[in-house]
Amino acid sequence: MMKMKTLLIFALMFLTIGCTQQSREEIAEKIGRAKIKKIEKNVNARIEKMVKGMLKYPESYQPISTEMSIVTNNMILYDSDAFVALRDLNNTIEDFNENYANDTTSQEARQELGAIQAMSEVVVGVANKIENRPVEFEAIDAYHQFYAEDRPGHQVKKGYHFVIHKDNRITLLCDHDEFLRIEAFTRELFNE
């Protein structure tokens, strides 16, 4: 009887442990939320310093908002190699469409199509590598919007995506328009 109780207790413990295990995505989400909470007090000041350093008229800087989201290591847009490869492929395809339209027979057009094919293979290779990673927290995307003058007396609204890495480094990913363009291209490319 005692042996049966002991086995039953162990069975319940294993069942409880098994039921409370979190998926890799849930763990990444939890780590990301904790990171956002930790950095939210000083992230605007750090980003402001970076933005003012990039502006032609830094005194015109007026922050609007900073939206933060969690980045996992399987998000293709936040992998530096993938982002650059996607951006280059998108630009090359746009240039081809602009310069050659429906011409696929000329020597120049065929060379350009060969370059597009090679770039596509690089993108697919990087995407496969990223897709096969076990999901982990990677960084925080801080989308920062602000007003600033692009010339004296002419104020414009701008937005940049910054990446706040695990080690608290902040790097500029791109402006919001480019982010949306590459995001749409990626969705179209991978039919997602």
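Me: At what angle do helix α4 and helix α6 pack?
Reply: In this predicted model, helix α4 (residues 80–100) and helix α6 (residues 176–189) pack at about 85 degrees, and their axes are 10 Å apart. Axes are lines fitted to C-alpha atoms, for helices over the stretch in contact, with angles running from 0 to 180 degrees between N-to-C directions. Helices (H or I, at least four residues) and strands (E, at least two) are DSSP runs, numbered from the N terminus.

Me: Are α4 and α6 roughly parallel or roughly perpendicular to each other?
Reply: α4 and α6 are roughly perpendicular to each other, a label for angles of 65 to 115 degrees.

Me: Which residues in α4 meet α6?
Reply: Among them are F83, L86, L89 and I93 in α4, and the α6 side includes I182, F185 and L189. Contact means heavy atoms within 4.5 Å.

Me: Does T72 count as buried or exposed?
Reply: T72 counts as buried because its relative accessibility is 12%; buried means under 20% relative accessible area, exposed over 50%, partly exposed in between (1.4 Å probe, protein chains only).

Me: And what does T72 touch?
Reply: Not counting residues up to four places away in sequence, T72 touches A28, V135, E136 and E138.

Me: How many helices and strands does the protein have?
Reply: The protein has six helices and four strands. Of its 192 residues, 33% count as buried.

Me: What should I know about the numbering and the model?
Reply: Residues are numbered from 1 along each chain as its sequence is written, and side-chain values use heavy atoms, with hydrogens and water left out. In this predicted model, local features need pLDDT of at least 70 and side-chain atom pairs count only at pLDDT 80 or more, while totals for chains, interfaces and linings use all residues.

Methods: Parallel < 35°, antiparallel > 145°, perpendicular 65-115°, else oblique.
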